[in-house]
Amino acid sequence: MATVNTTPGDLELGPRDKGRIGRPIELPILENFGLDSQIGPTYIGFWNLTAYITGGLFFFIWLVVMASQVGWNPLAFAKYFFVLQIDPPPAGYGLGWAPLEQGGWWLISTFFLTISIFAWLMHLYTRAVRLGLKPYLAYGFTGAIILYLVIYIIRPMWMGTWAEAPPHGLKALLDWTNNVSVRYGNFYYNPFHMLSIFFLLGSTVLLAMHAGTIWALEKYAAHEEWQEIQSPGTGTERAQLFWRWCMGFNANAYSIHLWAFWFAWLCGVTGAIGVFLSMPDFVNNWYQWGVEAGINYPDTLPPTLP
C-alpha cells in the first residue's frame, strides 16, 4: 500500500529567496529532447564554484598543453584530439617535482582535478542536506573517487613514482589500462576485475528492468506522478530542485527512465558490435586500423599539415 504524505508547503531554505538563485525559465522545446521544460533556478555556492574554477583550470591546462604538442595547429588539434595526452613525470623523478615539459604540467593539472572532484563531492553533500535529502548520491560518488585516488595518487605513491599513474588523455587512459593488464598478467584472471565486470553488467540489467517497467506503464500514466510533481515541498520537488542546483536542469519522471533504458540497452549492443568486428574477417588489429583510418597520432608530425 502506497504511503501518502501530506504536503509540507513551500520549501524554506534560507534568506536568499528561499535558497534559490535566479528565476525559472520555461523552454517547452526542451521536452522534445527528453528534458524538463524548466531551466533554473540554479545555485552558486562555495563548493560548486570551487569545483568549476579548479575543474576549469584542469581542462585549460590539458587543452593548452595538447594544443602546443601539435604546434598550435587547430586542424591537427581537432584531428588528433583523442590521441593527444599529458604524461606524468618519468620514473627518474620519483615523487619529486619535474620540469613542466617533463611531467610538471601533469602534476599541476592533477592537483586541480583532485581539488575539483572533492569540491563537487562537498557540493552534492551540502545541497542534499540542505534540501532534506539523505546524501546517498554523494556516498555513491565516493566509489568513483576511491578508484580515482587509487589510480592517480595512492598506487603511484606506494610504488614511489608518478610514472605509474595514467596520462591525461582519452586514448592514453585506455592504453594505460591495457598496459597494466599486460604488464601484470591478464586482468581477466583478476578476481576483483571479475567482480567489477559483474557489478557493471548487473547495474545494466537492473537499469533496463526498472526503465522497461516504467516505460511499459506509460499508457496508464504511471510515469507522470503529476500531483507529486506539482505539489510544493514534496520529495519530487526537492529532487528536481537538487538537480537544478547541481546541473541547472533535470529530467522529468518519464524521460529519466527513457534515458536509463537506452543507455543500458546501447551499452550491451555497442559492446556486442565491437566484439563481433574483432575478428580476422573485419578488424584483426585495432591499432593498425586507427593508423590506416588516419585517426591515430603518428610518431612525427606530417610535413604537409594544413
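Author: A crossing of two helices is called left-handed if the near helix is turned anticlockwise from the far one by less than a right angle, and right-handed if clockwise. The model discussed here is predicted.

Reader: In which hand does α3 pass α4?

Author: The axes of α3 and α4 come within 9 Å and cross at roughly 165°. Angles over 145 degrees count as roughly antiparallel, and α3 and α4 are therefore roughly antiparallel to each other. As for the hand, the crossing in which α3 passes α4 is left-handed.

Reader: How many residues of each class make up the contact of α3 with α4?

Author: On the α3 side the contact includes Trp-106, Leu-113, Ile-117 and Phe-118, and on the α4 side it includes Phe-141, Ile-145, Tyr-148 and Leu-149. Thr-110 and Thr-114 of α3 and Thr-142 of α4 also take part. By class, the residues of this contact are 17 nonpolar, three polar and no charged.

Reader: How are α3 and α8 oriented to each other, and in which hand do they cross?

Author: Helix α3 (residues 104–130) and helix α8 (residues 235–247) have axes that come within 10 Å and cross at roughly 150°. That angle makes α3 roughly antiparallel to α8. The crossing in which α3 passes α8 is right-handed.

Reader: Which residues of α8 does α3 meet?

Author: From α3, the contact has Trp-120, His-123, Leu-124, Arg-127, Ala-128 and Arg-130. Together with their partners in α8, these residues divide into six nonpolar, one polar and two charged. The partners in α8 are Phe-242, Trp-245 and Cys-246.

Reader: Is α6 oblique or roughly antiparallel to α9?

Author: α6 packs with helix α9 (residues 255–277) at an angle of about 135°, and their axes are 8 Å apart. The crossing is left-handed. Residues that meet include Leu-207, Ile-214 and Trp-215 in α6 and Leu-258, Phe-261 and Trp-262 in α9, and by class the contact has 11 nonpolar, four polar and no charged residues. The angle makes the orientation of α6 to α9 oblique.

Reader: Which element gives the most to the lining of the largest pocket?

Author: The largest pocket has a volume of about 1,300 Å³. Of the 22 residues that line this pocket, the closest to its centre are Trp-176, Thr-177, Asn-178, Phe-187 and His-193. The elements that give two or more residues to the lining are α4 (136–159), α5 (170–183) and α6 (191–216). With eight residues, the element that gives the most is α5.

Notes:
Residues numbered from 1 in each chain as written. Predicted model: local features only at pLDDT ≥ 70, side-chain atom pairs only at ≥ 80, totals over all residues. Heavy atoms only, no water. 1 Å grid on protein atoms, 1.4 Å probe; cavity = no way out; pocket = protein on both sides within 12 Å on 5 of 7 lines; lining within 4 Å. Points joined across faces, edges and corners; volume = space filled by probe spheres on them. Helix = DSSP H or I, 4+ residues; strand = E, 2+ residues; numbered from the N terminus. Axes fitted to C-alpha atoms, helices over the stretch in contact; angles between N-to-C directions. Parallel < 35°, antiparallel > 145°, perpendicular 65-115°, else oblique. Contact = heavy atoms within 4.5 Å. Nonpolar A, V, L, I, M, F, W, Y, C, P; charged D, E, K, R; others polar.
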